[in-house]
Amino acid sequence: MKELDLNLSLYDLVQRYPEILDIMFQLGFKEIKAPGMLQTAGRYMTIPKGARLKKIDLAVIIKAFEAAGFQVIGG
């Protein structure tokens, strides 16, 4: 099972599991696919920080990742 550590930056997570980009996009993080966004903001942004910023319930995000076969840790 793939492990998703919520304490890691989005950039680090996507380097390990590129499919995270599509999951995040489908959850409402449309800006994630903007050119350069992952290389800049993604280096310090974590999933919980992004959830607070976008006002998306973290529990919804965790369920989506678990449904995609991830074990979520660090939440």
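Guide: Two residues are in contact if they have heavy atoms within 4.5 Å. By that test, Thr46 touches Leu6, Asn7, Leu8, Ser9 and Leu10, leaving aside residues up to four places away in sequence. Bear in mind that this is a predicted model.

Visitor: Where is the place of Thr46?

Guide: Thr46 lies in the loop between helix H2 (20-26) and helix H3 (47-54).

Visitor: Why is Thr46 called buried?

Guide: The word applies under 20% relative accessible area. Thr46 has 13%, so Thr46 counts as buried.

Visitor: How many aromatic pairs does a search of the whole structure find?

Guide: The search finds two aromatic pairs. In one of them, the ring centres of Tyr17 and Phe70 are 5.3 Å apart and the planes stand at 85 degrees.

Visitor: What makes the pair of Tyr17 and Phe70 edge-to-face?

Guide: Centres must lie within 6.5 Å for a pair, and planes over 60 degrees apart count as edge-to-face. The values for Tyr17 and Phe70 are 5.3 Å and 85 degrees, so this pair is edge-to-face. The pair also links distant parts of the chain: Tyr17 is in the loop between helix H1 (10-16) and H2, while Phe70 is in strand S2 (residues 70-73), 53 residues apart. Both Tyr17 and Phe70 are buried.

Visitor: Why is the pair of Phe65 and Phe70 called edge-to-face?

Guide: The centres of these two rings are 5.5 Å apart and their planes are at 85 degrees, so Phe65 and Phe70 form an edge-to-face pair.

Visitor: Are Phe65 and Phe70 buried or exposed?

Guide: Phe65 is buried, at a relative accessible area of 0%. Phe70 has 2% relative accessibility and is counted as buried too.

Visitor: Which charged end sits over the ring of Phe70?

Guide: That of Lys2, 4.6 Å from the ring centre. The distance part of the test asks for within 6 Å. The charged end of Arg43 sits over the ring of Tyr11, 3.8 Å from its centre.

Visitor: What pattern does the chain follow along the sequence?

Guide: The pattern is β-α-α-α-α-β, with four helices and two strands in the chain.

Visitor: How do you know that the chain is as compact as a globular protein of that length?

Guide: The radius of gyration is 11 Å, close to the 11 Å that the globule rule gives for 75 residues, so the chain is as compact as a globular protein of that length.

Technical notes. Residues are numbered from 1 along each chain as its sequence is written. This is a predicted model: local features need pLDDT of at least 70, side-chain atom pairs count only at pLDDT 80 or more; totals for chains, interfaces and linings use all residues. Side-chain values use heavy atoms; hydrogens and water are left out. Buried means under 20% relative accessible area, exposed over 50%, partly exposed in between (1.4 Å probe, protein chains only). Rings of Phe, Tyr and Trp (its six-membered ring) pair if their centres lie within 6.5 Å; planes under 30 degrees apart count as stacked, over 60 as edge-to-face and the rest as tilted. A charge sits over a ring if NZ of Lys or CZ of Arg is within 6 Å of the ring centre and within 35 degrees of the ring normal. The radius of gyration is taken over C-alpha atoms; the globule rule is 2.2 Å times the number of residues to the power 0.38.
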